[in-house]
Amino acid sequence: MFPAEPRFPPSICLRVTRRCNAACSFCQAPNTDRSTLTLGEMDVIGAVLESRDLSTIKLSGGEPTTRSDLPRIVTAFGLRGIKPVVITNGFRIDAPVFGALRAVDGELKFSVHRPGPDNDLVLRVSSFPRILANMEAARALRVPFSINAVVAPGDADRMKEMAAFAVEQGARKISFVPVVPRGRARARPEFEFDAPGVADVRDRVVELAADLEPYIVVRCIDIRKHDYWVIENDGSLWIERSRDEDDVLIMEKNQLMALGGRIRR
Ligand code: SF4
């Protein structure tokens with residue numbers, strides 16, 4: 001038994017799979033094994049998070065749309081009053097996913113890093129027209145969506161164009177994410193930001209947020225500054241930081257499941 005109950009934040013990320021249908025060279029997901037939680041296990045986790053007043057669960061991966069039971073996962077959290085946000089590369093979203101999100105007021109977050117077909121060069125898969133079609137479907141089905149754009153050194157000049165793209169597509173928010181040396185980006189010089197580089201991204205976000213305030217929310221998600229709580233695909237709960245070696249294990253899967261067992265008795 002762990003010595004003290006952690007205080008859960010209002011929002012946690014859950015990696016529903018490590019599988020992905022793209023191959024971004026900066027992928028920040030840790031190199032964990034390929035195990036996955038079952039729907040039943042996720043429901044127990046949902047009970048734990050509901051009892052800790054979680055407001056939002058970010059369903060990520062890997063690529064969550066590779067799970068055929070994603071609509072049921074969305075519904076399971078949504079029915080507990082926890083808003084599901086599916087973080088996706090956006091090119092394979094089946095109709096039932098839109099339906100499930102609509103039914104529980106969930107949202108989509110598209111990870112798009114270029115405002116045009118050269119986004120395919122980042123994902124390393126032909127996909128941009130399908131991403132646009134899925135944004136159109138989200139608008140038509142009234143599923144709100146936002147955009148996450150990873151910014152690598154040298155990308156800052158594209159941020160204005162990315163923000164304009166997000167406005168044009170009807171996103172309610174765009175978050176710029178300066179890359180950190182985690183996962184595949186680790187030890188790759190092209191993804192090493194110096195402090196002035198990160199400061200420049202932050203300054204540009206402030207400027208864009210002010211300019212576009214009537215149209216869209218613009219923000220910076222800098223994992224160097226914030227702890228990021230993640231339930232890994234193997235069910236362990238972590239605080240992730242900007243380097244894999246600084247991550248902190250909060251509890252193993254069996255401890256998380258035991259919390260759920262106590263709720264149900
Ligand atoms: S960043 Fe996202 S879309 Fe790209 S390889 Fe990693 S999980 Fe897949």
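Q: Which exposed residues does the face of α3 turned away from its buried side carry?
A: In this predicted model, that face of α3 carries A95 and A103, both exposed. Exposed stands for over 50% relative accessible area.

Q: Which residues of helix α3 are called buried?
A: Helix α3 covers residues 95–103, and V97, F98, A100 and L101 are its buried residues. The label requires a relative accessible area under 20%.

Q: What do the buried residues of α3 pack against?
A: Their partners are α2 (70–78), β3 (83–88), β4 (107–111) and α5 (128–140). Packing here rests on contact, that is, heavy atoms within 4.5 Å.

Q: What makes the phi of D105 worth a remark?
A: D105 is a residue other than glycine, yet its phi is positive, near 60°. D105 follows α3 and lies in the loop between α3 and β4.

Q: Why is D105 called exposed?
A: Its relative accessible area is 53%. The label needs over 50%, so D105 qualifies as exposed.

Q: Where does R142 lie, and is R142 buried or exposed?
A: R142 is in the loop between α5 and β5 (145–151). With a relative accessible area of 58%, R142 is exposed, since the cut-off is over 50%. R142 is not a glycine, but its phi is positive, about 55°.

Q: How do you know that the count of disulfides is zero?
A: A disulfide needs a pair of cysteine sulfur atoms within 2.5 Å, and by this rule the count is zero. C13 is buried, at a relative accessible area of 2%.

Q: Which residues are around the ligand?
A: The residues are C20, A22, A23, C24, C27, G62, N89 and R184. The criterion is a heavy atom within 4 Å. By class, five of these residues are nonpolar, two are polar and one is charged.

Q: Why is C20 called partly exposed?
A: C20 has 42% relative accessibility. Buried would need under 20% and exposed over 50%, so C20 counts as partly exposed.

Q: What kind of peptide bond joins G61 and G62?
A: A cis peptide bond joins them, with omega about 20°. G62 is in the loop between β2 (56–60) and α2.

Q: What makes R114 buried?
A: The relative accessible area of R114 is 13%. Buried means under 20%, so the label applies to R114. R114 is in the loop between β4 and α4. Leaving aside neighbours within four places in sequence, R114 is in contact with N119, V122, F128, D155, R158 and M162.

Q: Why does N119 count as buried?
A: N119 has 0% relative accessibility, and the cut-off is under 20%. N119 lies in helix α4 (residues 119–123). Beyond four places in sequence, its contacts are V112, H113, R114, F128 and I131.

Q: Is A166 buried or exposed?
A: A166 is buried, at 0% relative accessibility. A166 is in helix α6 (residues 159–169). Not counting residues up to four places away in sequence, A166 touches I147, A171, I174 and I216. Between A166 and R184 there are 26 Å in space, C-alpha to C-alpha, and the two are 18 residues apart in sequence.

Q: How do you know that G260 is buried?
A: Its relative accessible area is 0%, which is under the 20% cut-off. G260 is in helix α8 (residues 253–264) and touches V44 and V48, leaving out residues up to four places away in sequence. The C-alpha atoms of G260 and D43 are separated by 9.1 Å, although the two are 217 residues apart along the chain.

Q: Which residues touch the most other members of the largest nonpolar core?
A: Of its 75 residues, these are L49, L59, L108, I147 and F176. F176 touches residues including A149, V151, M159 and V205.

Notes. Residues numbered from 1 in each chain as written. Predicted model: local features only at pLDDT ≥ 70, side-chain atom pairs only at ≥ 80, totals over all residues. Heavy atoms only, no water. Nonpolar A, V, L, I, M, F, W, Y, C, P; charged D, E, K, R; others polar. Core = buried A, V, L, I, M, F, W, Y, C linked by side-chain atoms within 4.5 Å. Buried < 20%, exposed > 50% of the residue type's maximum accessible area, 1.4 Å probe, protein only. Helix = DSSP H or I, 4+ residues; strand = E, 2+ residues; numbered from the N terminus.
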